[in-house]
Amino acid sequence: MKKLILALLIIPIVLALVNCSKVSTPQSERDHFVDSLMSKMTMDEKIGQLTLYTSDWSVTGPTLNPNYEKDVKSGKCGNIFNALTVKYITKLQKIAVEETRLGIPLLFGYDVIHGYKTTFPIPLAEACTWDMDIIEKSAHYSAMEASASGLNWTFSPMVDIARDPRWGRIAEGSGEDTYLGCLIAAAKVHGYQGKNLDDPFTIAACVKHYAAYGAPQAGRDYSTVDMSDRVLRETYLPSYKAAVDAGVATVMCSFNELNGVPATANEYLMNKILREEWGFKGFVVTDYTGIPEMIKHGYSVDEKQAGELALSAGTDMDMQGGVFSKYLKKSLEEGKINKKQINMSVRRILNLKYELGLFKNPYLYLDEKREQETVFSKEIMDHALLSAKKSIVLLKNEPFKGQKLLPMSKTVKNIAIIGPLADNQEDMLGTWYGAGDKTKVTTLINGLKNKFPQANIQYAKGADFEGNDKSGFDAAINIANKSDIVICAIGENDGQSGEAGSRSDIGLPGVQQELMEELVKTGKPIIAVVLAGRPLTIEWLTKNVNAILFAGHLGTRSGDAIAEVLCGDYNPSAKLVITFPRSVGQIPIFYASKNTGRPFEANNRFTSKYLDIANEPLFPFGYGLSYTQFEYSNLKLNTKTIHDSDTLKITVTLKNTGQFDGEEIAQLYIRDLIGSVTRPVKELKGFNKVFLKAGEQKEIEFAITAKDLRFYDVNMQFKSEPGQFKVFVGGNSVDLIEDGFELL
Ligand code: BGC
């Protein structure tokens with residue numbers, strides 16, 4: 001009771017501090033407020049602000065602290081994640097605000113990765129839209145729903161560049177390319193955070209996992225990363241920097257070690273690059289138990305030392321480790337860390353609470369009525385459909401008996417729909433769907449029924465995602481035999497990618513491959529809809545079925561979106577953001593590789609190639625078909641030589657030569673032919689998403705300046721070098737038309 005009275009006395013002081021500041025800029029108002037608050041805080045209260053615990057709603061690791069509510073009350077824990085619903089969050093916020101001495105509100109974090117309740121496509125799939133507007137809106141709607149449910153902080157965007165599809169978390173990122181990865185990182189930060197963090201419809205973002213988490217050895221999650229500074233800075237760091245430049249409020253450090261030092265205590269990454277070079281002003285949170293894990297890494301002798309190393313390297317908040325809470329005061333008394341370090345971290349965290357408007361109104365995000373009105377609203381569900389259909393990549397569409405299978409004729413009579421994803425709600429949501437609600441998902445069967453109401457649709461599961469059970473094959477073959485067309489919804493379930501979801505064999509899991517072999521024997525026309533959190537090695541499928549759609553996992557509106565594409569109401573426009581290997585043996589395989597001194601020559605053994613498989617991928621980066629065809633011609637450069645300050649204008653004529661209206665993603669690549677260090681054979685430098693009616697043509701334009709040609713030279717200076725460049729334009733990273741220019 002005493003505490004309650006004290007808190008009630010202090011809240012007005014806190015609110016008065018917020019309101020009465022005479023300082024003109026909001027930042028100095030904030031600083032003034034945080035200064036005053038910090039001057040009243042004990043060391044224990046400060047350390048409490050550096051502590052983040054999970055509630056027991058939904059967790060991604062061990063719940064180390066079942067007493068988190070008590071710790072909130074005693075001020076030992078200043079931030080909570082995985083607490084859901086306005087009702088429960090209000091309960092916790094009340095404890096913090098009304099029952100602690102200073103009434104400092106809590107941050108409420110959650111993994112809102114691809115939607116909160118309404119689930120959008122997994123990030124890898126949505127990236128295939130190459131559509132920044134769609135991607136930004138998905139983040140915006142995710143923030144609207146999450147903030148309506150009381151959350152104020154998401155652990156997203158995940159911007160780890162990844163080139164090894166064995167790694168399950170490839171599903172959570174934007175693929176292999178740095179240029180595209182940067183644009184997507186920025187779009188997501190803008191989408192989540194909007195213009196003002198204290199707008200109750202926005203939430204703070206957290207870019208993760210800093211750094212290079214997407215390059216673990218052998219594609220095994222949490223594994224070691226060892227790479228040159230050049231590759232780190234050129235390929236892996238820019239997407240995090242793009243998020244920082246877009247104003248991301250927080251950064252999460254990764255589980256992996258980088259060149260021998262765990263990211264959680266990596267001074268080079270945090271103090272040097274993130275803060276000194278990039279000027280990041282927000283706070284850094286560890287990943288789940290990242291601090292105590294440094295003992296197993298072989299980097300610190302015990303938890304206390306791990307905490308000291310993490311704080312000193314620039315980590316501010318301890319997620320779920322409990323280490324700062326247990327040991328930081330002792331470390332301070334022993335002189336292993338100093339007050340200045342703690343104060344700096346506390347300030348960064350309080351700054352965010354201030355910017356979120358929590359000191360003015362700790363209950364800003366807590367309104368049960370808004371929660372009910374917002375989640376699954378029509379506007380958000382409509383966007384989920386738009387995003388899902390724009391994420392579907394058409395990989396193959398060959399004629400069957402002289403006729404293309406896709407789009408399907410709306411008068412088709414007998415459809416067989418087969419596979420473990422055909423009548424499935426949960427797995428369609430994809431990895432890390434968090435609070436998503438599987439009961440709201442349209443299955444593929446229901447999507448088809450809506451689009452083909454007159455058809456007789458027969459379903460058989462056929463096979464599962466795991467195990468050797470073939471008892472469902474007969475039923476599947478039976479309905480296939482009776483049908484005019486077979487649609488197979490095959491691939492991975494939601495747990496076969498994502499965190500700790502690495503696979504060494506990335507073919508169709510379980511007995512799905514065998515099932516497909518049996519179905520092909522029926523001689524019926526087959527469309528495979530492949531749903532997975534990663535590229536799969538589906539060379540056999542590619543050769544043996546008539547049409548293939550790759551759909552990632554598409555979220556709440558999955559079935560509607562796929563059906564719209566199948567029936568031609570939507571003409572697919574997405575392009576792969578990740579290379580599809582033929583076999584695991586080709587990994588890592590990505591388009592921006594180097595040429596080597598012995599590039600591939602078919603008839604020369606002593607060139608860079610395999611004896612048993614082609615060098616080329618199954619499907620290259622940037623690849624994706626449409627129901628119509630596009631032709632590129634007339635590539636023109638406005639000049640053949642540019643100086644440092646010039647702009648090179650590149651134009652090309654794009655014509656829709658087919659029968660359908662459609663959208664094309666025209667891509668621009670360059671190659672720097674000779675450098676002080678060698679350069680990739682192709683680098684994406686721009687793209688243009690263009691809608692053309694059947695028969696229509698347009699001149700499209702790209703621009704390049706010397707700035708776009710910069711790289712880390714032999715002395716690690718980021719600059720462009722004079723010399724010859726090639727420029728390529730086309731519909732994927734292989735089928736291109738080219739010209740050249742010189743940088744003087
Ligand atoms: C994941 C993070 C996630 C965190 C909190 C960890 O296991 O690596 O991406 O944000 O859990 O749920």
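What lies 2.8 Å from an oxygen atom of the ligand? In this predicted model, in which residues are numbered from 1 along each chain as its sequence is written, local features need pLDDT of at least 70 and side-chain atom pairs count only at pLDDT 80 or more, while totals for chains, interfaces and linings use all residues. Side-chain values use heavy atoms, with hydrogens and water left out.

The atom in question is a polar side-chain atom of K208, which lies 2.8 Å from an oxygen atom of the ligand, where a polar contact is a pair of N or O atoms within 3.5 Å and, within protein, one atom must be able to donate a hydrogen and the other to accept it, residues adjacent in sequence counting only if both atoms are side-chain atoms. An N or O atom in the side chain of H209 is 2.6 Å from an oxygen atom of the ligand, and for the side chain of R169 the corresponding distance to a ligand oxygen is 2.7 Å. The protein covers 100% of the 310 Å² of accessible area that the ligand has on its own, areas being computed by the Shrake-Rupley method with a 1.4 Å probe. The ligand is surrounded by 14 residues, of which the closest are D111, R169, K208, H209 and D287; a residue is near a molecule if one of its heavy atoms lies within 4 Å of it. By class, this shell holds seven nonpolar, two polar and five charged residues, with Ala, Val, Leu, Ile, Met, Phe, Trp, Tyr, Cys and Pro taken as nonpolar, Asp, Glu, Lys and Arg as charged, and the others, Gly among them, as polar.

Strand β14 (residues 414-418) runs parallel to β15 and is joined to it by five bridges, and I417 has Y459 as its bridge partner in β15.

A second open sheet consists of three strands in the order β19-β21-β24, with antiparallel pairing. Its edges are formed by β19 (630-637) and β24 (697-705), each of which has a single partner strand, so one side of each is left without a neighbour in the sheet. The twist averages 25° from one strand to the next. Nine bridges join β21 (residues 647-656) to the antiparallel β24, in which E699 stands opposite T653.

Strands β27 (residues 723-730) and β28 run antiparallel and are joined by eight bridges, forming a hairpin with five residues between them; within this pair, F728 has E738 as its bridge partner in β28. Strand β28 (residues 736-743) is also joined by two bridges to the parallel strand β20 (residues 641-642), where T641 is partnered by E742.

Most residues other than glycine have a negative phi, and most peptide bonds are trans. Another cis bond joins I587 and P588, with omega about 0°. W130, in the loop between α6 (123-127) and α7 (132-148), has a positive phi near 50°.

Terms used
Two strands pair if DSSP finds at least two bridges between them. Helices (H or I, at least four residues) and strands (E, at least two) are DSSP runs, numbered from the N terminus. Axes are lines fitted to C-alpha atoms, for helices over the stretch in contact, and angles run from 0 to 180 degrees between N-to-C directions.
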